[in-house]
Every structure is written in structure tokens, then in C-alpha cells.
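Visitor: I have a few quick questions about this one, if you have a moment. Could you walk me through it?

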Amino acid sequence: HVPAVFLTRAEGSSESDEDLIARVRSLIADNLPDYYEPEFIRIIDIMPRTASGKVDYVQLEKEAAE
């Protein structure tokens with residue numbers, strides 16, 4: 001497993017993908033140790049959910065493997 005970040009946009013956000021990813025990378029660099037630096041950051045439309053409404057981490061792992 002490698003660290004990865006999946007983001008969804010806030011409603012009404014007009015920030016470009018590149019600016020959003022740069023801002024998240026900056027926050028990570030300023031607040032977390034180097035070994036938490038994500039392998040990739042991906043912006044997705046909708047966070048996958050299980051039938052009970054929780055984040056579907058299995059689906060996110062499949063997307064990360066692609």
C-alpha cells in the first residue's frame with residue numbers, strides 16, 4: 001500500500017485542478033512527515049459509498065491500482 005489522496009470539490013469551487021492539488025501538497029508538506037507524502041492526488045466527482053453510507057475504501061483501492 002502507498003499513501004494516496006482522493007479529493008472531491010466543494011460545491012461552487014472554481015479553483016483549477018492544478019491549484020487545488022498544489023494547495024493540498026503544500027498542506028501535507030507543512031503538517032505531516034515526509035513518509036506520509038502521497039504517491040498521487042486524484043480529484044474525483046463523487047466519493048464512493050457503501051450501502052451503509054460510509055466511504056468505500058475497497059473501491060478507492062481499486063481506483064488507485066488502475
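Visitor: Is Tyr 36 buried, partly exposed or exposed?
Guide: In this predicted model, Tyr 36 is partly exposed, because its relative accessible area is 45% and that class lies between the 20% and 50% limits.

Visitor: And where does Tyr 36 lie?
Guide: Tyr 36 lies in the loop that runs between H1 and S2.

Visitor: Which residues make the nonpolar surface patch?
Guide: Tyr 36 contributes to that patch together with Leu 32 and Tyr 35, and the area comes to about 370 Å².

Visitor: Switching to Glu 39, where does that one lie?
Guide: Glu 39 is in the loop between helix H1, residues 17-31, and strand S2, residues 40-43.

Visitor: Buried or exposed?
Guide: Glu 39 counts as exposed, because its relative accessible area of 56% is over the 50% limit.

Visitor: What is Glu 39 in contact with, leaving aside its neighbours within four places in sequence?
Guide: With those neighbours set aside, Glu 39 is in contact with Val 2 and Pro 3. As for Ala 64, which is 25 residues away along the chain, its C-alpha atom and that of Glu 39 are separated by 9.7 Å.

How values were computed. Residues are numbered from 1 along each chain as its sequence is written. This is a predicted model: local features need pLDDT of at least 70, side-chain atom pairs count only at pLDDT 80 or more; totals for chains, interfaces and linings use all residues. Side-chain values use heavy atoms; hydrogens and water are left out. Helices (H or I, at least four residues) and strands (E, at least two) are DSSP runs, numbered from the N terminus. Buried means under 20% relative accessible area, exposed over 50%, partly exposed in between (1.4 Å probe, protein chains only). Contact means heavy atoms within 4.5 Å. Patches are made of residues with over 30% relative accessible area and no salt bridge: like charges are joined within 9 Å, nonpolar side chains (Val, Leu, Ile, Met, Phe, Trp, Tyr) within 5 Å. Accessible areas come from the Shrake-Rupley method with a 1.4 Å probe; for residues, only the protein chains shown count as cover. A salt bridge is a side-chain nitrogen of Lys or Arg within 4 Å of a carboxyl oxygen of Asp or Glu.
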